[in-house]
Amino acid sequence: MIIGKPSDIRSSEITPRSVYLRRREFIGKSLIASAGVSLSAVTVASEQLKSLDYRKADFKNKEGFYTNEALAPYKDIKRFNNFYEFGSDKGDPEKHAQNLTVDPWSLTVEGEVEKPGVYHLEDILKPVNIEERIYRLRCVEAWSMVIPWQGFPLADLIERFQPSSKAKYIQFETLHRPEEMPGQRARTSTIDWPYVEGLRMDEAMNPLSLIAVGLYGKELPKQNGAPLRLVIPWKYGFKSIKSIVKIRFLEKMPMTTWVSLAASEYGFYANVNPQVNHPRWSQGSERRLPSNFFSPNRIPTKPFNGYAEQVSHLYAGMDLKKYY
Ligand code: MTE
């Protein structure tokens, strides 16, 4: 992975928390106005987003679900992206993802489950309760952002498919549609598409593991992984796979895109760990975006990205230098 250059995002552009909190009420109202009559997947997602009572915000009381650190501005979260299906520059996803068809969308469920099948996105979304989480996202390239997501616990989704006792791991797969994803057509790409990621079952069931469908109270932008993406805040950002079309429940640890590209640089676990450097750069600190040349906003990186209290028990007794 190439270290990005987020220098054009000024720290003065950070959205003040009070402005964001006031704006959320307005966003809820505009979603009501824009909701259509047909129950397309996008409409179901909008309906779900508007049903969230922003003023209650009781998620703040749940450990790890909330941070009061400065949020990255909406426009930066959607213009500075890693989504190699649309190109390798940080601005490529915003430029090239807009023609991606996300409606209709379906999710295929396979492997060690009682209820395999092909599920329409509408049916995935109808029963869920959308929640808000404000998480730190720490990329392996040593930059980070604080992002307000809307979504639902991955555990709720997993339980609906009734995994068998053999299901020890889950593999996730991104859409493969070269006609709409120029990065998948590029001859120079070294990625063996589709992009795949994986988690151990207990990691997937942790309450922090989120399926995001919204950002800043609006539908998830396509460049951020619409209509469904994973957000695993204690792991490097590449685990948070976008635009998911398939979930496989497996007995054995699955292959992942970054392990297959460079196993000595990117591990299956990929827990944020300032003690284990990337072979080509330090993981001891990160640039918190927005940042620029004069105000680099460099901060120390925390073990498990600051979520050790919620997740370190998952790795008790494991040598995290070996299982990076
Ligand atoms: N998912 C897919 N399918 N393709 C990708 O290239 N990039 C990952 C992750 N999910 C990626 C992906 C990386 S490296 C990061 S840091 C995050 O998405 C970035 O998420 P964001 O662009 O929403 O900030």
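## The ligand and its cavity

Of the 17 residues around the ligand, Tyr84, Glu85, Thr174, Arg229 and Lys242 come nearest (a residue is near if one of its heavy atoms lies within 4 Å). This is a predicted model, where local features need pLDDT of at least 70 and side-chain atom pairs count only at pLDDT 80 or more, while totals for chains, interfaces and linings use all residues. Residues are numbered from 1 along each chain as its sequence is written, and side-chain values use heavy atoms, with hydrogens and water left out.

**Contacts with the ligand**
- Arginine 229 places a polar side-chain atom 2.6 Å from an oxygen atom of the ligand, a polar contact being a pair of N or O atoms within 3.5 Å.
- For lysine 242, a side-chain N or O atom is 2.7 Å from an oxygen atom of the ligand.
- On its own the ligand has 530 Å² of accessible area, and the protein covers 100% of that (Shrake-Rupley method, 1.4 Å probe).
- The shell around the ligand holds eight nonpolar, six polar and three charged residues, with Gly counted as polar.

**The cavity**
- The ligand takes up the space of the largest cavity, as more than half of its atoms lie within 2 Å of the grid points.
- This cavity has a volume of about 320 Å³, the space filled by probe spheres set on the points.
- Cavity points lie on a 1 Å grid over the protein atoms alone, where a 1.4 Å probe fits but cannot get out, and lining residues have an atom within 4 Å of a point.
- Strand β4 (residues 143-153) gives the most to the lining, with four residues; strands are DSSP runs (E, at least two residues).

Notes. Polar contact = N/O pair within 3.5 Å; in protein donor to acceptor, adjacent residues only side chain to side chain. 1 Å grid on protein atoms, 1.4 Å probe; cavity = no way out; pocket = protein on both sides within 12 Å on 5 of 7 lines; lining within 4 Å.
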